[in-house]
Amino acid sequence: MTVVFALFLSLHVFSTEGRNVEEVIHNYVLAMGGKERLHSIHSIYTEGMIIQKNKANSSFKAYALKDKAFHTEVISGTGIAVISFSGKSGWKYDGIDSLHSFTSAGYLLKDQAELDCSGPLVDYITKGHHATLLGTELVAGKDCYRVKLTRKTGQWIEYFIDIHNFLIMRERASIETSSPNHQVVTRDFSNYRLTKDGYVFAYTIKTDAAGTMIMYNRVELNKPVYPGLYKPSVQ
């Protein structure tokens, strides 16, 4: 952690007594750079590695265009897998079979969450979400506020926010799938850094899905995106 980043975080250390959910979320937004700065994010481009137990590592590239589209390419020893979403439909290719399009509600509810570049907590009331403070809980030995956000779609996300620096340590989310059942996924965030653009970003994410770890090595915000990227094709 750089001295500048450490100083930045120290400015957002507050008393933990008497907090309500609005204060916790407000301080989280400040820790991430402030509402105006987060709203200025129009696209996110990332590259990195996906590390899974007992499997070969994969590399990935991902593009997110605010409120419009996203596109992910995963490259492994068996080839390239792609999933892309734009507007009200999307397509995917698993590296083996032919292209498949999707428009089902299950996919769309899940994938539209990827389009909120500022994050669901920013202006959550305006977005139609509801937040509740459920108390505090230990995550990796650190005291965290436990905030439950119920999205306007009915899906919920629980955020575990460090009480000292107000960064998200853990996220537990109800994920809509193509089947009637919901899947609950837990992700732990660490290795927060400032990007070259001056934004705060967690460069390491560990999920409870087979112990999968995502490690980012490149993060660029507001990078121009080629419009044809989201059209069905295989490179």
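Tutor: Let's start with a word we'll need: buried means under 20% relative accessible area, exposed means over 50%, and partly exposed is in between (1.4 Å probe, protein chains only). Take Cys144, which is buried because its relative accessible area is 0%. Cys117 counts as buried too, at 11% relative accessibility. One caution: this is a predicted model, where local features need pLDDT of at least 70 and side-chain atom pairs count only at pLDDT 80 or more, while totals for chains, interfaces and linings use all residues. Residues are numbered from 1 along each chain as its sequence is written, and side-chain values use heavy atoms, with hydrogens and water left out.

Student: How many disulfides are there?

Tutor: A disulfide is a covalent bond between the sulfur atoms of two cysteines. Here the rule is a pair of cysteine sulfur atoms within 2.5 Å, and the count comes to zero.

Student: How many helices and strands does the protein have?

Tutor: Helices (H or I, at least four residues) and strands (E, at least two) are DSSP runs, numbered from the N terminus. The protein has four helices and 13 strands. Of its 235 residues, 42% are buried.

Student: Which residues touch the most other members of the largest nonpolar core?

Tutor: In soluble globular proteins, nonpolar side chains tend to be buried together. A nonpolar core is a set of buried Ala, Val, Leu, Ile, Met, Phe, Trp, Tyr and Cys residues joined through side-chain atoms within 4.5 Å. The largest one holds 45 residues, and Ile25, Leu121, Ile161, Ile168 and Tyr216 touch the most other members. Helix α2 (residues 21-31) gives this core its largest share, six residues.

Student: Which residues of α2 are buried?

Tutor: An α-helix has 3.6 residues a turn, so residues three or four places apart point the same way. In α2, the buried residues are Val21, Val24, Ile25, Asn27, Tyr28, Val29 and Ala31. Just after α2, Gly33 takes a positive phi of about 120 degrees.

Student: And what does Ile168 touch?

Tutor: Contact means heavy atoms within 4.5 Å. Not counting residues up to four places away in sequence, Ile168 touches Tyr28, Leu121, Tyr159, Phe160, Ile161, Phe189 and Tyr192.

Student: Now the strands. How many bridges join β7 and β8?

Tutor: Two strands pair if DSSP finds at least two bridges between them. Strand β7 (residues 130-139) and strand β8 (residues 142-150) are antiparallel partners over eight bridges. For instance, Thr132 has Lys148 in β8 as its bridge partner. Their hairpin has two residues between the strands, and Ala140 there takes a positive phi near 55 degrees. On to β9 (residues 156-162): it pairs with β8, also in the antiparallel sense, over seven bridges. In that pairing, Val147 stands opposite Tyr159 in β9. The β8 and β9 hairpin has five residues between its strands, with Gly154 in the turn at a positive phi of about 100 degrees.

Student: Where is Lys66?

Tutor: Lys66 is in the loop between β2 (58-65) and β3 (69-76). It counts as partly exposed because its relative accessibility is 22%. Lys66 and His42 are 24 residues apart in sequence, yet 5.0 Å apart in space, C-alpha to C-alpha. Beyond its neighbours within four places in sequence, Lys66 is in contact with His39, Ile41, His42, Leu115 and Cys117. So that buried cysteine, Cys117, turns up again among the contacts of Lys66.
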